[in-house]
Amino acid sequence: MFAKLVTMTLLLVCLASAMLVLRQHRIQLANDSAVLHQQIVHLRQEIWDAQGKAANVLEPRQLRNRIDAAQLALEPVAPSASPATRFASTDSPGGR
């Protein structure tokens with residue numbers, strides 16, 4: 001009887017430890033995802049700022065000719081919606 005109790009206790013401790021490791025891994029991935037999202041937002045803002053500065057320096061026709069010559073696919077300077085509102089409609093109600 002004592003051996004069964006010790007075995008069950010050890011199995012439960014191992015299971016709890018494995019669950020804690022998986023939980024920590026999930027939390028770390030969520031944090032990494034949030035950091036990457038912030039980097040994406042920051043880089044997009046830098047791109048928009050650079051596009052705005054280029055537009056202020058060059059005339060529209062000259063700018064269009066240079067963009068066409070370089071075959072660039074640029075985003076608009078002012079996005080239609082913030083990333084938070086664009087993705088809000090795709091989230092399930094009530095979160096995960």
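This is a predicted model: local features need pLDDT of at least 70, side-chain atom pairs count only at pLDDT 80 or more; totals for chains, interfaces and linings use all residues.
Local features need pLDDT of at least 70, side-chain atom pairs count only at pLDDT 80 or more, and totals for chains, interfaces and linings use all residues. Residues are numbered from 1 along each chain as its sequence is written, and side-chain values use heavy atoms, with hydrogens and water left out.

The chain holds 3 helices and 0 strands (DSSP runs numbered from the N terminus; helices are H or I with at least four residues, strands E with at least two). Its pattern along the sequence is α-α-α. Of the 96 residues, 6% are buried (under 20% relative accessible area; exposed means over 50%, partly exposed in between; 1.4 Å probe, protein chains only).

The chain exposes about 8600 Å², by the Shrake-Rupley method with a 1.4 Å probe. Carbon and sulfur atoms supply 64% of that area. Leu10 belongs to helix H1 and is exposed, because its relative accessible area is 53%.

The largest pocket has a volume of about 220 Å³. A pocket is an open set of points on a 1 Å grid over the protein atoms alone, where a 1.4 Å probe fits, with protein on both sides within 12 Å along at least five of seven lines; lining residues have an atom within 4 Å of a point. The volume is the space filled by probe spheres set on the points, which are joined across faces, edges and corners. The lining comprises 12 residues; Gln51, Ala54, Leu63, Ile67 and Leu74 lie nearest the centre. Helix H1 (2-57) and helix H2 (60-70) each give two or more residues. H2 gives the most, with 6.
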